[in-house]
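I opened the model to go through its charged pairs and surface patches. My notes follow in the order I looked things up.

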Amino acid sequence: MMDRLRSLVFSIVFLTGTAMAIAIGFGFALAGQRALSRYVTAWTRFHALCARLILGIHTRIEGRLPEGPALIAAKHESMYETLELVRILPFPAVVVKRELTDFPGWRWVTALYGLVPVDREASAKALRAMLKAAERLNTEHRSLVIFPEGTRVRPGEEPPLQAGFAGLYRAMGMPVVPVAIDSGRLWPRKGPKHRGIVTFRFGAPIPPGLPRAEIERRVHEAINALHH
């Protein structure tokens with residue numbers, strides 16, 4: 001019962017604050033990328049504060065954060081990690097589903113920040129557009145967060161990596177830092193959220209230039225390490 005109440009309060013507080021943040025965000029976007037990035041980071045801190053104070057959900061970091069630009073390949077079990085990784089890492093770009101960037105006037109703001117939209121259908125045209133957008137980020141020397149298994153999965157599920165990951169790995173020429181995350185047991189897709197600690201386990205960097213089969217195997221094992 002308390003979990004349901006806390007989840008309801010969290011939704012009201014965070015969604016209300018987010019609606020206000022989106023409205024104000026256009027103004028920060030007009031001030032340029034640096035101002036927008038600081039504003040987005042503040043919003044992710046607001047999310048973490050709501051999660052901690054209302055839901056009782058905390059983050060534990062294991063391993064070392066990347067010391068330079070890298071392709072961050074993370075497990076995806078809930079919305080929690082999509083915002084926490086932006087808070088934890090220094091101004092990363094993020095690959096997201098296109099629906100999140102299609103609000104009127106919002107695509108320009110998300111592109112300015114560095115969100116890379118991708119269609120779930122993963123057509124050849126969609127993958128080429130994603131690679132083109134991601135390659136532009138190389139000139140900014142920024143890390144790029146990707147959830148290589150695709151959409152959110154339930155705890156314990158280990159689907160194969162999506163085809164776009166290998167293309168990004170080859171195109172970006174960056175080391176890969178895998179991140180195992182166990183958020184799904186506290187933050188289910190449906191139902192109330194639960195108190196506890198979400199672990200973000202950053203693995204050792206994997207060098208660029210490996211064959212597709214090897215990089216996919218190593219990343220898949222690393223992002224699912226907490227399940228094993």
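I looked up arginine 64 and glutamate 67 first, and both are exposed (over 50% relative accessible area; buried is under 20%, partly exposed in between; 1.4 Å probe, protein chains only). Arginine 64 and glutamate 67 form a salt bridge with closest N and O atoms 2.2 Å apart (a side-chain nitrogen of Lys or Arg within 4 Å of a carboxyl oxygen of Asp or Glu).

I noted the basis of the entries: the model is predicted, local features need pLDDT of at least 70, side-chain atom pairs count only at pLDDT 80 or more, and totals for chains, interfaces and linings use all residues. Residues are numbered from 1 along each chain as its sequence is written, and side-chain values use heavy atoms, with hydrogens and water left out.

I then checked a buried pair. Glutamate 149 and lysine 75 are both buried, and their salt bridge has its closest N and O atoms 2.7 Å apart. The two residues are 74 apart in the chain, with glutamate 149 in the loop between β5 (144-146) and α6 and lysine 75 in the loop between β2 (71-74) and α3 (80-88). Helices (H or I, at least four residues) and strands (E, at least two) are DSSP runs, numbered from the N terminus.

I counted 11 salt bridges in the structure. One of them joins arginine 201 to glutamate 62, with 2.8 Å between the closest N and O atoms. Arginine 201 lies in strand β7 (residues 196-202) and glutamate 62 in strand β1 (residues 57-62), so this pair ties together parts 139 residues apart in sequence. Arginine 201 is partly exposed at 33% relative accessible area, and glutamate 62 is partly exposed at 25%. Arg60 belongs with Glu62 and Arg201 in a network of salt bridges.

I looked next at histidine 227, in the segment after α7 (212-223). Histidine 227 is partly exposed, at 27% relative accessible area. Leaving out residues up to four places away in sequence, histidine 227 touches Lys75, Glu77, Pro155, Gly156, Glu157 and Glu158 (contact means heavy atoms within 4.5 Å).

I finished with helix α6 (residues 163-172). Of its 10 residues, 7 are buried, and the helix is mostly covered. Among the buried residues are Phe165, Leu168, Tyr169 and Met172.
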